[in-house]
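Hi,

Here is the structure I said I'd pass on to you.

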Amino acid sequence: DDFNVARDWVANELNFDQSVDVNLFEVTIRVLGGLVSSYHLSGDDVFKRKAVDLADRLLGAFTSSSGIPYSDVNLRTRVGHAPRWSSDSSVSEVTTIQLEFRELSRMTGDPKYQKAADNVVELIQALPRPFDLVPIFVNANSGKFRSSATITLGARGDSYYEYLLKQWIQSGKKETKFKNWFVATVQGMKKKLIQTSKPDNLLFIGELLQGRNFSPKMDHLVCFMAGTLALAAHNGLDSEYMQLAEKLAYTCYQMYERMPTGLSPEIAYFQQTDTGRPRSDIIVKSADAHNLLRPETIESLFILYRLTRDKKYQEWGWKIFQAFEKYSKVEEGGYTSIHNVMSLESRTRDKMESFFLGETLKY
């Protein structure tokens, strides 16, 4: 069957001894995570062996003087380096590898993978974090945050917060430091980032530009937080988290429902003064109007449906899927990103991100 074909390809064709630079985060969550999951689902040692081979190569990214990993690493030479476009690593990237590395240590009995990943979290926690929120860039050489970097739950910040909660759950809720860190970040969000729009009081999570100036900007990526808050409440944390989750999920759905195509823009801004015009809460700038087939809203709706059994979340997900079918589906096969969710005649981008198959359609 299809699984056995894929298994044989992994066993006989998949070769990580390649002189190519890869992104530590992307390869960890996609490839290493996929191999670890495949091992758990099948029990086949070939997936474990391949996971170990890959992880040993990725450990080359952890050779910086600070212990903060470089963003990139060469699979053959095992030499890590900063990205070509910057001297810094993204905070979300270096703190979104822990679940996979920790699990590999459990699978193999070798603590080196968890030790390397845990050390990164401890280093980040030791840095000054205003309101327990993190700037989005950290320098692998100095181990310090970039001064005046933006604080956001969007790009380059998002999954730092997600993985704090999930590491606590992964530990069987025994490592309470992760829970405490997560709870502190939610308090920081409530104090500095969470606001409501005008006129409809849509709850959104904004940003702090240069770490201090509030901007009513929310990436679609932030919509992961609705599902994360729901999981937190489900696992015994403050029941208020579920209320925040439901309100944020509603906002994220409105980012779809209020667009002519029924698809969300990559970035939205939220109106903070009442213009007198109904349903004018969401502002979309032309540079931000594209849709990349992202999974964050769909994932949160999936989680909320599973936890509440409220059918509205199924209905919202179905409407979003219908919009993908209408505006993103390609006749020859597959789906594509589109340039402008505000236009019923939007140009397409001829590009389907891997997360659409791996995440969006899964949920």
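The largest pocket has 37 residues in its lining, and those nearest its centre are Ile29, Glu100, Glu162, Tyr163 and Glu359. In case the word is new: on a 1 Å grid over the protein atoms alone, a pocket is an open set of points where a 1.4 Å probe fits, with protein on both sides within 12 Å along at least five of seven lines, and lining residues have an atom within 4 Å of a point.

Before going further, bear in mind that this is a predicted model, where local features need pLDDT of at least 70 and side-chain atom pairs count only at pLDDT 80 or more, while totals for chains, interfaces and linings use all residues. Residues are numbered from 1 along each chain as its sequence is written, and side-chain values use heavy atoms, with hydrogens and water left out.

Back to the largest pocket: it holds about 1500 Å³ of space (the volume filled by probe spheres set on the grid points, which are joined across faces, edges and corners). Helix H2 (24–42) gives the most to its lining, 8 residues; helices are DSSP runs of H or I with at least four residues, strands are runs of E with at least two, and both are numbered from the N terminus. The lining splits into 14 charged, 12 nonpolar and 11 polar residues. Here Asp, Glu, Lys and Arg are charged, Ala, Val, Leu, Ile, Met, Phe, Trp, Tyr, Cys and Pro are nonpolar, and the others, Gly among them, are polar.

The second largest pocket has about 290 Å³ of space. It is lined by 15 residues, with Ile298, Gln314, Gly317, Trp318 and Tyr363 closest to its centre. Helix H11 and helix H12 (311–327) each give two or more residues to that lining, and H12 has the largest share, with 7. This lining divides into 11 nonpolar, 3 polar and 1 charged.

Now two single residues. Is Gly154 buried or exposed? Gly154 counts as buried because its relative accessibility is 0% (buried is under 20% relative accessible area, exposed over 50%, partly exposed in between, with a 1.4 Å probe and protein chains only). Gly154 sits in the loop between strand S5 (137–139) and helix H7 (158–170). Its C-alpha is 5.3 Å from that of Leu221, 67 residues away along the chain.

Thr63, at 55% relative accessibility, counts as exposed. You'll find Thr63 in the loop between helix H3 (45–58) and strand S2 (72–74).

Cheers
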